[in-house]
Amino acid sequence: MNFGYTEEEEKFRERLNAFLDEELTEEIARQNWEDLGVGPEAREFSKKLYEAGFMGLPWPKEYGGQGLSPTYDFILIDELGKRWEAHVPLDVGYTMVGHTILRRGSDEQKQEFIPRIIRGEIEFGLGYTEPNAGSDLAGMMMKAEDKGDYFLINGQKTFNTESHYADYHWLAARTQNDPNTPKHKGITLFIVDQFAPGIDVRPMITMSGERTNEVYYDDVKVPKSRVVGEVNKGFYYMMEAIDSERNHVFVPARLWPMVDEMVSFAKETTYQGRPLAEDPAVRAKIAQMAIELEVAQMLADNARWLELNELPITMEPEITKVMISELEQRMVDDAMQILGLYGQLDENSKYVPIRGRIEWFWRHSFMPTIGAGTSEVGRNVIAQRGLGLPRG
Amino acid sequence: MDFNFTDEQKMLRDSARGFCEKMSPMAFVLDMEEDEKGFTDDLWGGMAELGWTALIIPEEYGGIGLGFLDMIVLLEEMGRVCVPGPFFSTAIVGGLTILNAGNDDQKNELLPRVASGEIKLSLAHTEPGMTRYDPAYITVTAEASGENYVINGTKLFVSDAHVADYFICVARTSGMCSNKEGISLFLVDAKGAGVSVTPLKTLAGDKQFEVVFDQVSVTKDNVLGEIDGGWPVIELIMQYAAVGKCAEMVGGATKVLELALDYCHQRVQFGKPIGVFQAVQHHCANMAIALQGSKFITYKAGWLLDEGLPSTRITASAKAWVSEAYKKFVILGHQIFAGTGFMVEHEMPMYSRRARAAELAFGDANYYRQIVAGEIDL
């Protein structure tokens, strides 16, 4: 057993941190993290991240990568996350879609998209969820009809979170309606130009102020060259990608800033003439955050290690997902309790502590236990795929 | 990064599993809870023969010289079937204290005898005044008197004191109670004059004792390490002991989950095996989450100790997390086994009572949260 990183990996981390000290700001971090829309600052940062040599290390050389271990991308994600929960700015492409294109896309698609993903130039919006297909995703109804040279697509998606700033829509749609075919065997993946005629993107605003979207398709023509892999295999491609996606998206390091903020707050804030940091109850709450984050980090490290070594994966990334999302809720609840009355203040209030981040985090914390699969579906996966219990 | 055990560790696990299952079936474990001694010479001799008492003692002192991760493999297997006896007290807590604090003469004299299984040790540390776990709360005194020290006071929750050949007594030689300086370690003949041992009846049926030291005289040769310098050794030993307890808990949890999953397939209600019901599946999923997290944080802690890297925060995090995770874990186990698991002869009570004991041993979550708080600069 060995839980350390290699010397080269640690050097990469050092160089990266020196770069981030100079280039990353809280404003840039929030543009992606809060889905406010990746603006010019974050796009600029994205390109700098590539130019400074921090993007694409694990990706194939033929598409502009360096062919190294995926560990480098995990280090990149972790170190960004430790600063204001920052992400790779255009991360749906970089951490999710790009890997499926590599695995299942045509040569032309790889040539067209992968180098631009690595260079931090393009973003994709995920087009999976529909009003009547949430946890039961295979029940999606968006219709894609084969018209010879192209597919004609009609229908509605919802909770498509990047679509107001993405360049492409990563769309799953139904290509097979035969009632005798299982519904998960009739879904195809498409890469659609976000600005194609017939696409209408309408905002939905969450309780934590993030923008997500409804996306309507009205006779949208998508050329056959934009079908990913084989027709009717889309659901399978989505499922084979899910473990790696969880490994890249549920990142314990992103919650460390909350611990650091709470440590500073407890040291700087007094009650009855004594710093909160001397109150054993406050100390215990903040320590528990650090303890659970360490455990979550080990779960994530294990799931990543299985991926890196192409070992069998059943429930491990799902365990990280359930743990980290519920941990966020426990953490933010404890943080709110420590802040007391001040915890309810808006970020623009003159009395607000910690720049309003805890108040925002509390509102946000209802999402991770739902997004990308509810905790309940997650537990079904752990029990059935991981522990071998029967489907009901 | 590498989450694999080595081939040698896998062999150790296999051989340990075979031995533990053969020597320590549940009926034996429950008998030993009632038995005054609490283990058999066959069991102890067998462990010594397999080299377990020698496992982490360096070769120069007659040991095998393996690392703490190897010991974790072994402790997981012992925890799986709740193997009774003074192994933890002797081979881990006692042996490592002598190894880390003792001078050459003491190590040469004692460690080969620990390795061979000839002697048993016990750390006399906690005291009646500790209503909360605070290992710095030491009131037992050792006063210099000519060539000797004279020890007075009462120790509590001393494991396996009835069979120990030597106690390692943590005593105050200067300073005030709760002060971490001024603490020294003494090797005391467990059968010597002035030492009296009285059993405590406990939840897990393990063997814990009150040990009273009444004018117990020991020579200066029996001081382990520097006078007034015992505390840093105790802090280090506490880390090993805490992680060792985590490994036992991981072993127990692994076994309980296996038993629970079997039961989920077998037990039929409403015409279906209960494992098809989501409420039951979610209990199992929660057990898996608790177990996976417990495993890896324990291994990380063990690895840091083996590598000699800074380990205080992670070992404390491990004991804080695993203690509470296992406690919640056995509650879920009881829900799955329901009425049948409430019966005294069922496996569940054997594990849940031990979960509670292991939670308390060498510091509970409340204690370690305060340690972690200090480590994150609070």
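**Exercise 1.** How many residues does helix 6 of chain A have, and what distance does helix 6 of chain A reach from its first C-alpha to its last?

*Solution.* The structure is a predicted model. Helix 6 of chain A covers residues 107–118, which gives 12 residues. From first C-alpha to last, this helix reaches 16 Å, close to the 16 Å expected at 1.5 Å a residue.

**Exercise 2.** Determine which residues of helix 6 of chain A are buried, where they lie around the helix, and what they pack against.

*Solution.* Step one is to list the buried residues of the helix: A:Phe113, A:Ile114, A:Ile117 and A:Ile118. Step two is to look down the axis of helix 6 of chain A; the buried residues fall within an arc of 125°, and therefore they line one face of the helix. Step three concerns the partners: the buried residues of helix 6 pack against helix 3 (40–51) and helix 5 (91–104) of chain A. Step four turns to the face directed away from the buried side, which carries the exposed residues A:Glu108 and A:Gln111. Finally, helix 6 of chain A is followed by A:Gly120, whose phi is positive, near 70°.

**Exercise 3.** State the domain assignment of chain A and the separation of the centres of domain 2 and domain 3 of chain A.

*Solution.* The assignment for chain A gives domain 1 (7–89), domain 2 (126–232) and domain 3 (250–386). Taken over C-alpha atoms, the centres of domain 2 and domain 3 of chain A are separated by 32 Å.

**Exercise 4.** Describe the contact between chain A and chain B, with attention to the side belonging to chain B.

*Solution.* The contact takes 36 residues from chain A and 38 residues from chain B. On the side of chain B, the elements that give two or more residues are helix 7 (231–266), helix 8 (278–307), helix 9 (312–337) and helix 11 (365–375). Helix 8 of chain B gives the most, with 14 residues.

**Exercise 5.** Is B:Ala320 buried or exposed, and which residues does B:Ala320 touch?

*Solution.* First, B:Ala320 is located in helix 9 of chain B. Next, B:Ala320 has 31 C-beta neighbours inside 10 Å, so it counts as buried; the cut-off for a buried residue is 20 or more. Leaving out residues up to four places away in sequence, B:Ala320 touches A:Ile291, B:Ala365, B:Tyr368, B:Arg369 and B:Val372. Lastly, B:Ala241 is 79 residues apart from B:Ala320 along the chain, and their C-alpha atoms are separated by 13 Å.

Conventions: Residues are numbered from 1 along each chain as its sequence is written. Chains are lettered from A and ligands numbered from 1 in the order in which they are written. This is a predicted model: local features need pLDDT of at least 70, side-chain atom pairs count only at pLDDT 80 or more; totals for chains, interfaces and linings use all residues. Two residues are in contact if their C-beta atoms, placed from the backbone, lie within 7 Å. Helices (H or I, at least four residues) and strands (E, at least two) are DSSP runs, numbered from the N terminus. The expected span of a helix is 1.5 Å times one less than its number of residues. A residue is buried if 20 or more other C-beta atoms lie within 10 Å of its own, exposed if 12 or fewer, and partly exposed in between; C-beta atoms are placed from the backbone. The arc is that of the directions from the helix axis to the C-beta atoms. Domain bounds come from an automatic or database domain assignment.
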